[in-house]
Amino acid sequence: MGFFSRLFEGMKKTKKSFGEKLKYIFTGNEIDEDFFEELEYILISSDFGVETTSYIIDELRERTKKEKIKKTADCQNLLKTILVEILEEAAPEKLKCPCVIMVLGVNGVGKTTTIGKLAKKFSDENKKVILAAADTFRAAASDQLEVWANRAKVKVVTNEHGVDPAAVVYDSIQSFKAKNADILLIDTAGRLHNKANLMEELRKISRVVQKELPEAEYHKMVIVDGTTGQNALSQVELFNEAVDLTDISITKLDGTSKGGFLVGLAKDFDLDIRYVGVGESAEDLLEFNAKDFVDAIL
Ligand SMILES: Nc1nc2c(ncn2[C@@H]2O[C@H](COP(=O)(O)OP(=O)(O)O)[C@@H](O)[C@H]2O)c(=O)[nH]1
Ligand SMILES: [Mg+2]
């Protein structure tokens, strides 16, 4: 299956719930107030967020007037265009090596899985990859990462459970330099004894990266679980406060009908949307593409 069809398969639920609702308003009728109100309701109930929804509605009002569009059926493409424009603002540049990707996010969102998928992808592209098992909070976390590393045939730097995660990152960077590697992927803990500890730990890891590899392109990528919908926003805010995020990736879009929240996220935060996870196996990771994404939900 090609990239687009996998995204399409994965996002069937979003398309079904969102597309089905829209089907009843994009009819042959004249555009009137009821139409905008109904559309507003559908966008909000599909997790687009209040601010993003009112932006979309305002744009649609203005452009239908300007382009003299009278029938609701002719609005659908305009809506698509607006969504693509919003998401294209968040389309990332290609990674430049050497680069470091620190992966952040609350427990269970798919950090380790995403790193595993990326290890495989980069290694298939003949890049030299090192993994840093800096989630030393959960005993099984590094075992899980090692399984992925073995599968992708890449090196993983681990340490005993409980060891300072910044020390693991330091070691992984020495190994990165010695091997003249291309990409360092850092797995972090999503949970500690308290939030302040976690945030301080992430900042410390970040300082080590910047000090030891100042020449590398540095990405601080938060992962959000696509099934959480609008709640993902507060998670992104939290991590952004800690480390000034650069990128975001969304997982589990295969199991949700809440794909709409990505549009709101892209508008609210100045982050590059890098990857989309649509399943549990290595090949279920797609590079984000605004147009494909919109085609898959609408
Ligand atoms: N369906 C689906 N499951 C996923 C995806 N990404 C991760 N998972 C599952 O989510 C669970 C938690 O993933 P994990 O990587 O351990 O999360 P972490 O705590 O953030 O490291 C695992 O069961 C993964 O298989 C995805 O894109 N789709
Ligand atoms: Mg993990």
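In this predicted model, helix α8 (residues 165-178) packs against helix α9 (residues 195-212) at an angle of about 20°, and the two axes lie 9 Å apart. Angles under 35 degrees count as roughly parallel, and α8 and α9 are therefore roughly parallel to each other. The crossing in which α8 passes α9 is right-handed. On the α8 side, the contact involves Pro 165, Ala 166, Val 169, Tyr 170 and Ile 173. On the α9 side, these residues meet Glu 201, Lys 204, Ile 205, Val 208, Val 209 and Glu 212. By residue class, the contact of α8 with α9 holds 8 nonpolar and 3 charged residues, with no polar ones.

The crossing of α6 and α7 is right-handed. Helix α6 contributes Thr 112, Ile 115, Gly 116, Ala 119, Lys 120 and Ser 123 to the contact. Helix α7 contributes Ala 141, Gln 144, Leu 145, Trp 148, Ala 149, Arg 151 and Ala 152. The residues of the contact of α6 with α7 comprise 7 nonpolar, 4 polar and 2 charged.

When residues up to four places away in sequence are not counted, Ala 119 touches Val 129, Leu 131, Trp 148, Ala 149, Ala 152, Val 154 and Leu 185.

Several local backbone features occur in loops. The peptide bond from Cys 97 to Pro 98 is cis, and its omega is near 0°. Pro 98 is located in the loop between α5 (76-88) and β1 (99-104).

Asn 180 is not a glycine, yet its phi is positive, at about 55°. The residue belongs to the loop between α8 and β4 (183-188). Asn 180 has 8 other C-beta atoms within 10 Å, and a residue is exposed if 12 or fewer lie within that distance; Asn 180 is therefore exposed. Asp 244, likewise a residue other than glycine, has a positive phi near 60°. Its position is in the loop between α10 (232-243) and β6 (247-251). Asp 244 is also exposed, because 10 other C-beta atoms lie within 10 Å.

Glu 33 is placed in helix α3 (residues 33-45). Because Glu 33 has 7 C-beta neighbours inside 10 Å, it counts as exposed. Between Glu 33 and Arg 61 the C-alpha to C-alpha distance is 9.9 Å, at a separation of 28 residues in sequence.

Conventions
Residues numbered from 1 in each chain as written. Chains lettered and ligands numbered in written order. Predicted model: local features only at pLDDT ≥ 70, side-chain atom pairs only at ≥ 80, totals over all residues. Axes fitted to C-alpha atoms, helices over the stretch in contact; angles between N-to-C directions. Helix = DSSP H or I, 4+ residues; strand = E, 2+ residues; numbered from the N terminus. Parallel < 35°, antiparallel > 145°, perpendicular 65-115°, else oblique. Left-handed = near helix turned anticlockwise from the far one by under 90°. Contact = placed C-beta atoms within 7 Å. Nonpolar A, V, L, I, M, F, W, Y, C, P; charged D, E, K, R; others polar. Buried ≥ 20, exposed ≤ 12 C-beta atoms within 10 Å, placed from the backbone.
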